[in-house]
Amino acid sequence: MLAVFDKSVAKSPDALQSPHSDSVWALKDGILAKHFSSVYPDSVIVNLGSAGLLAYSVEKKNPLLPRLFAVVDDIFCLFQGHIENVAQLKQQYGLNKAANEVIIVIEAYRTLRDRGPYPADQVVRDIQGKFVFVLFDSSSKAAFFASDADGSVPLHWGTDSEGQLVLSDDVEIMKKGCGKSFASFPKGCFFTTSGGLRSFEHPLNELKPVPRVDSSGHVCGANFKVDEEARKESSGMPRVGSAANWSSNY
């Protein structure tokens with residue numbers, strides 16, 4: 001899979017930028033999408049306009065961790081993996097029996113966006129299994145992506161030459177788009193346009209970047225770890241009153 005988001009949608013952390021990077025402008029003339037298509041000839045490219053793009057392929061797919069894509073009410077979602085508590089989540093979100101994993105993620109996001117009763121970290125934590133997902137809401141120009149607590153499904157993130165965020169499960173695709181400015185997306189974490197990178201396992205703790213160094217001694221992005229000493233200030237759950245904008249706090 002591949003996702004590229006403009007800086008206005010998902011701001012790449014500064015720590016991902018390597019001083020020795022040889023990255024490209026991923027969205028210029030569709031350069032990274034064309035490369036992805038050359039590697040995966042059966043790929044599907046979804047143009048998100050100025051916001052970026054999504055791409056996926058059914059090639060080299062792990063049958064135990066299937067790759068799914070769906071669009072519901074201007075919400076685009078790429079999902080890979082397997083959710084163990086599907087029945088529970090279908091009941092929780094009022095979905096029918098035909099709903100699969102990617103539809104569950106979309107509905108979970110939509111409930112969160114529309115001022116649902118749970119904070120974002122709990123929404124992701126409630127999803128049990130091996131998974132990654134990348135979601136884009138075209139109505140609000142918002143991105144939402146996550147990896148399970150064990151990092152069971154590969155997902156990398158990085159920054160291109162223009163500071164745009166790139167995500168892919170393919171290391172070679174990341175090298176093409178980001179040079180050395182990428183790293184594994186941290187397990188047990190999620191990213192939102194409004195809140196940036198957060199841990200759903202330790203939602204009250206900050207995440208700190210740890211520089212990733214290659215065999216030549218060059219800094220290649222950073223791995224993010226939970227900082228057990230630094231805690232976020234809790235702003236509570238602003239859900240009371242019609243003026244409370246719950247969606248801006250996910």
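Biologist: Which residue in β3 does Ala3 stand opposite?
Modeller: Ala3 stands opposite Leu54 in β3. This is a predicted model, where local features need pLDDT of at least 70, side-chain atom pairs count only at pLDDT 80 or more, and totals for chains, interfaces and linings use all residues. Residues are numbered from 1 along each chain as its sequence is written, and side-chain values use heavy atoms, without hydrogens and water.

Biologist: How many bridges join β1 to β3?
Modeller: Four, and the strands run antiparallel. Pairing takes at least two DSSP bridges between two strands. Strands are DSSP runs (E, at least two residues), and helices are runs of H or I with at least four, numbered from the N terminus.

Biologist: And which residue in β9 is opposite Leu2?
Modeller: Ser168. β1 and β9 (residues 165-168) also pair antiparallel, over four bridges.

Biologist: Are the faces of β1 covered or open?
Modeller: Both are covered. Leu2 and Val4 on one side, and Ala3 and Phe5 on the other, are all buried. Buried means under 20% relative accessible area, exposed over 50%, partly exposed in between (1.4 Å probe, protein chains only).

Biologist: Switching to α3. How many of its residues are buried?
Modeller: Eleven of the 13, so α3 is largely enclosed by the rest of the structure. Among them are Glu101, Tyr109 and Arg113.

Biologist: What do they pack against?
Modeller: Their partners include β4 (67-72), α2 (86-93) and β7 (142-147). Contact means heavy atoms within 4.5 Å.

Biologist: What comes just after α3?
Modeller: Arg115, with a positive phi of about 65°.
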